[in-house]
Amino acid sequence: MTIHDSHAAPGHQLTRGDRSALETVALLFGLALMPVITAPLDALIGPATDSKQAAAEKTATAPAHGRAIGHTTALTTTIRRWTPITHTTVTLKKRGTYEVTQQVRGQFVTARNRSTHAWIISRVFNLTAGVPVKESNLLVATSANHPPAIKRDYGTTASGRAFIDIDRPTTVRLEAMQAWDAGTVTKSQIITDSNGLTQLLYKELA
């Protein structure tokens, strides 16, 4: 049995085998063109990405950061002694370099009619290593060295940064000390209230 093809040359008839062979060639040619057609589309569309997976990867690589807001804490006015500020302990959970920022609001009161030279200092203390963080001492508040006619309040808020390199999880906290070399301090404290905060902040750098 023969099949007539309108596209065949005049006087030439295609057998069923010829027709089958041509269809096979056409099919293979179409498959060969598929990568050529789909490649530009892939470049335009991009690989499929699961939004939840992308969000998880972004969270996993985000630098660690956080803060602890301190509570109002009284400082001793009898001897020079470092006092831990309540609720300012934070843990740096993995090895790396961190920026630690202290924001400290301090206030003290000097006695009447006495020349008093006094000040408050704060620092960051590394509880894991048992040593202060280097170069973290911060002058928070200081008084003038002259006798006031009444009791005088001195207070301000100071901030400073320190950098710490760790090779294991490390816990740090904020500490403060009242000191003076003349006169009398009757009251001293580190404060957190609606007018201002005392806090310890950290951010992973590398």
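A polar contact is a pair of N or O atoms within 3.5 Å; within protein, one must be able to donate a hydrogen and the other to accept it, and residues adjacent in sequence count only if both atoms are side-chain atoms. The model is predicted, so local features need pLDDT of at least 70 and side-chain atom pairs count only at pLDDT 80 or more, while totals for chains, interfaces and linings use all residues. Residues are numbered from 1 along each chain as its sequence is written, and side-chain values use heavy atoms, with hydrogens and water left out.

**View 1. Polar contacts of Gln-178.** The side chain of Gln-178 makes a polar contact with the side chain of Ser-188 at 2.5 Å. The Gln-178 side chain also reaches the backbone oxygen of Trp-119, at 2.8 Å.

View 2. Beyond its neighbours within four places in sequence, Gln-178 is in contact (heavy atoms within 4.5 Å) with residues including Leu-75, Phe-108 and Ile-120.

**View 3. The largest nonpolar core.** A nonpolar core is a set of buried Ala, Val, Leu, Ile, Met, Phe, Trp, Tyr and Cys residues joined through side-chain atoms within 4.5 Å. The largest has 16 residues, of which Leu-75, Ile-85, Val-104, Phe-108, Ile-120 and Ile-190 touch the most other members. Strands that each supply at least two residues of this core include E7 (96-110) and E12 (170-182).

How values were computed:
Buried means under 20% relative accessible area, exposed over 50%, partly exposed in between (1.4 Å probe, protein chains only). Helices (H or I, at least four residues) and strands (E, at least two) are DSSP runs, numbered from the N terminus.
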